[in-house]
Amino acid sequence: MRYFAKIENGKAANVIVAEPEFFDTFVDDAPGEWKEVTSTNASGLLVPSVGIGFSFDRINQTFIAPETGEVEE
């Protein structure tokens, strides 16, 4: 399983865990695009490096955590 984030207006609007093949048949007509989020921790485990409200930096293809108090719940 891998992590995927849906980007809307430059921010992560949704985060899911799925196999890449899920997107072969998944139909999402809502605006935005899905990006795979690849990150590992010190133990080598896959962990998400994104949460809802994180900004997406298209140049560096990374997510940036919002400042304290800006995270949506």
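This is a predicted model: local features need pLDDT of at least 70, side-chain atom pairs count only at pLDDT 80 or more; totals for chains, interfaces and linings use all residues.
1. With a relative accessible area of 35%, Phe22 is partly exposed. The ring of Phe22 forms an aromatic pair with Phe23. This pair is edge-to-face, with 5.2 Å from centre to centre and 85° between the planes.

2. Phe23 belongs to helix H1, which covers residues 22-25. Like Phe22, which is partly exposed, Phe23 is classed as partly exposed, in this case with a relative accessible area of 24%. The class follows from the cut-offs, because a residue is called buried under 20% and exposed over 50%.

3. The aromatic pairs of the structure number seven. One of them joins Phe4 and Phe23 in a tilted arrangement, where the centres are 4.6 Å apart and the planes make an angle of 55°. This pair connects distant parts of the chain, since Phe4 is in strand E1 and Phe23 is in helix H1, 19 residues apart.

4. Which residues do the ring pairs bring together? Phe4, Phe22, Phe23, Phe26 and Trp34 are linked by ring pairs into a cluster.

5. Is Lys6 buried or exposed? Its relative accessibility is 5%, and Lys6 therefore counts as buried. A polar atom of the Lys6 side chain lies 3.2 Å from the backbone oxygen of Pro31.

6. The surroundings of Lys6 may be read from its contacts. Leaving aside residues up to four places away in sequence, Lys6 touches Lys11, Ala12, Ala13, Asn14, Asp28, Ala30, Pro31, Gly32, Glu33 and Trp34. Among them is Trp34, a member of the aromatic cluster. Pro31 is also on this list, and its backbone oxygen is the atom that lies 3.2 Å from the Lys6 side chain.

7. Gly53 is located in the loop between strand E3 (33-37) and strand E4 (55-57). Although placed in a loop, Gly53 is buried, with a relative accessible area of 4%. Its contacts, not counting residues up to four places away in sequence, are Lys11, Ala12 and Pro66. Lys11 and Ala12 are also touched by Lys6. Gly53 and Glu8 are 45 residues apart along the chain, and 9.7 Å separates their C-alpha atoms.

Definitions and conventions. Residues are numbered from 1 along each chain as its sequence is written. Side-chain values use heavy atoms; hydrogens and water are left out. Buried means under 20% relative accessible area, exposed over 50%, partly exposed in between (1.4 Å probe, protein chains only). A polar contact is a pair of N or O atoms within 3.5 Å; within protein, one must be able to donate a hydrogen and the other to accept it, and residues adjacent in sequence count only if both atoms are side-chain atoms. Contact means heavy atoms within 4.5 Å. Helices (H or I, at least four residues) and strands (E, at least two) are DSSP runs, numbered from the N terminus. Rings of Phe, Tyr and Trp (its six-membered ring) pair if their centres lie within 6.5 Å; planes under 30 degrees apart count as stacked, over 60 as edge-to-face and the rest as tilted.
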